[in-house]
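Q: Please take a close look at one part of this model, a single loop residue and its surroundings, and then connect that part to the rest of the fold.

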Amino acid sequence: MNFLLEEIDNVKILRLREERLDSNIAPDLKTQLLVLLNSESSKVLLDLSSTTYADSSGLGAILLGLRHSRDIGAQFALFGAQKRVKSLLQIAHLEDVMMNYNDEYEALEKLKD
């Protein structure tokens, strides 16, 4: 999986550098999200600005992050989701439960203490 991990203002940002979030990438994304959510930081953002396609396995990886963050009291959100990925989130009725911010600045402002 091609990704970059950064930390800004005590928020870990996982930048997914893949055009496709599918069954080839989803297992690695799940692992990385679990590691980050279980670390000292309880705030994790997933940058999807480079991702133009996601399938059900990609959606499953995102849902795992959401469920696990809720289970442990952490904060998890997305930003930069492109049109096709946003559409998948809407079809799955996740836009009401999964925060998807337009850009990094907005996401960081919302997750700051």
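A: In this predicted model, the place to begin is a polar pairing, in which the backbone oxygen of Glu 18 lies 2.9 Å from a polar atom of the Thr 51 side chain. Thr 51 belongs to the loop that runs between strand 4 (43-47) and strand 5 (53-54), and with a relative accessible area of 1% this residue is buried. Once residues up to four places away in sequence are set aside, Thr 51 touches Leu 16, Glu 18, Glu 19, Arg 20, Leu 21, Gln 82 and Val 85.

Ser 50 is found in the loop between strand 4 and strand 5 as well, but Ser 50 counts as partly exposed, at 26% relative accessibility. Leaving aside neighbours within four places in sequence, Ser 50 is in contact with Leu 16, Arg 17, Glu 18 and Glu 19. The side chain of Ser 50 also makes a polar contact of 3.1 Å with the side chain of Arg 17. As for Leu 16, the C-alpha atoms of Ser 50 and Leu 16 are 6.8 Å apart in space, although 34 residues separate the two in sequence.

From the loop we can turn to the sheet. Five strands form an open sheet in the order 1-2-4-6-7, with mixed pairing, and its edge strands are strand 1 and strand 7 (100-101), each of which pairs on one side only. Strand 1 and strand 2 run antiparallel and are joined by six bridges; within this pair, Leu 5 has Leu 14 in strand 2 as its bridge partner. Strand 4, by contrast, pairs with strand 6 in the parallel sense over five bridges, where Leu 45 has Ala 77 in strand 6 as its bridge partner. Strand 6 is joined in turn to strand 7 by two bridges, and these two strands run parallel, with Leu 78 standing opposite Asn 100 in strand 7. Four of the five residues of strand 6 are buried, so strand 6 is largely enclosed by the rest of the structure.

Helix 1 (residues 26-37) has 12 residues and reaches 16 Å from its first C-alpha to its last, close to the 16 Å expected at 1.5 Å a residue. Its buried residues are Ala 26, Leu 29, Gln 32, Leu 33, Leu 36 and Leu 37. They cover an arc of only 125 degrees around the axis, which puts them on the same side of helix 1. An α-helix has 3.6 residues a turn, so residues three or four places apart point the same way. The buried residues of helix 1 pack against strand 1 (3-8), strand 2 (11-16), strand 3 (20-21), strand 4, helix 2 (56-72) and strand 6 (75-79).

Helix 2 has 17 residues, which at 1.5 Å a residue should span 24 Å, and this agrees with the 24 Å between its end C-alpha atoms. Gly 58, Leu 59, Ala 61, Ile 62, Gly 65, Leu 66, His 68 and Ser 69 are the buried residues of helix 2, and the buried residues of this helix pack against strand 3, helix 1, strand 4, strand 6 and helix 3. Just after helix 2, Gly 73 takes a positive phi of about 75 degrees.

Technical notes
Residues numbered from 1 in each chain as written. Predicted model: local features only at pLDDT ≥ 70, side-chain atom pairs only at ≥ 80, totals over all residues. Heavy atoms only, no water. Buried < 20%, exposed > 50% of the residue type's maximum accessible area, 1.4 Å probe, protein only. Polar contact = N/O pair within 3.5 Å; in protein donor to acceptor, adjacent residues only side chain to side chain. Contact = heavy atoms within 4.5 Å. Expected span 1.5 Å × (residues − 1). Arc of directions from axis to C-beta. Pairing = 2+ DSSP bridges.
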